[in-house]
Amino acid sequence: MGGSRITLLIQKTLYQSDLNPQQNRLSIPSQQVKDNDFLLPTELEILEEKKGIKVKLIQPSLEITELTLIKWFMHKGPESKKVSISYILRSNWVKVAKANNLEKDDVVQVWSFRVDGKLCMAIVKL
């Protein structure tokens with residue numbers, strides 16, 4: 001695809017919640033992201049406004065699909081001021097997981113890169 005700014009975001013073990021069809025999302029906890037400079041300032045603004053960014057995703061099968069990246073703010077409890085932040089890949093995630101036989105306890109890497117300035121991602125199953 002002629003990408004640039006290739007960056008490893010996270011290597012993670014898949015949890016049941018990452019594969020639950022009702023949740024239909026891959027969680028990327030921000031505290032585990034290896035390089036937080038993968039987003040442009042304009043993209044950060046979009047995510048802070050609780051809007052999504054369309055990203056092309058290269059699947060482990062090498063097929064390309066489009067998902068939506070959002071930033072998710074989870075409060076630790078009803079009275080708590082603590083918030084955990086995750087990036088979430090959603091929309092067609094369940095189809096991606098099924099098509100690539102992703103299962104609980106599989107280890108995957110999520111990479112980001114740029115094509116013509118646009119954010120793209122790749123998932124590698126280890």
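**View 1. Leu-89 and what it touches.** Skipping residues up to four places away in sequence, Leu-89 touches Asn-24, Arg-25, Leu-26, Ile-28, Val-55, Leu-67, Thr-68, Leu-69 and Met-121; contact here means heavy atoms within 4.5 Å. This is a predicted model, where local features need pLDDT of at least 70 and side-chain atom pairs count only at pLDDT 80 or more, while totals for chains, interfaces and linings use all residues. Residues are numbered from 1 along each chain as its sequence is written, and side-chain values use heavy atoms, with hydrogens and water left out.

**View 2. The largest nonpolar core.** There are 26 residues in this core, and Leu-89 is among those with the most contacts inside it, along with Phe-38, Leu-69, Tyr-87, Trp-93, Val-110 and Met-121. Elements giving two or more residues to the core include strand E1 (4-13), strand E4 (64-75) and helix H3 (93-99). A nonpolar core is a set of buried Ala, Val, Leu, Ile, Met, Phe, Trp, Tyr and Cys residues joined through side-chain atoms within 4.5 Å; buried means under 20% relative accessible area, exposed over 50%, and partly exposed in between (1.4 Å probe, protein chains only). Helices (H or I, at least four residues) and strands (E, at least two) are DSSP runs, numbered from the N terminus.

**View 3. Phe-38 against Tyr-87.** A search of the whole structure turns up 1 aromatic pair. The ring centres of Phe-38 and Tyr-87 sit 5.4 Å apart with planes at 80°, so this one is edge-to-face. (Rings of Phe, Tyr and Trp, the last by its six-membered ring, pair if their centres lie within 6.5 Å; planes under 30 degrees apart are stacked, over 60 edge-to-face, and the rest tilted.) The partners are 49 residues apart: Phe-38 is in the loop between strand E2 (25-29) and helix H2 (41-48), and Tyr-87 is in strand E5 (residues 83-90). Phe-38 is buried, at 4% relative accessible area, and Tyr-87 also counts as buried, at 4% relative accessibility.

**View 4. Cys-120 in strand E7.** Cys-120 lies in E7 and counts as buried, at 3% relative accessibility. Neighbours within four places aside, Cys-120 is in contact with Met-1, Lys-56, Trp-111, Ser-112, Phe-113 and Val-115. Met-1 is 119 residues away along the chain, yet the two C-alpha atoms are separated by 9.9 Å.
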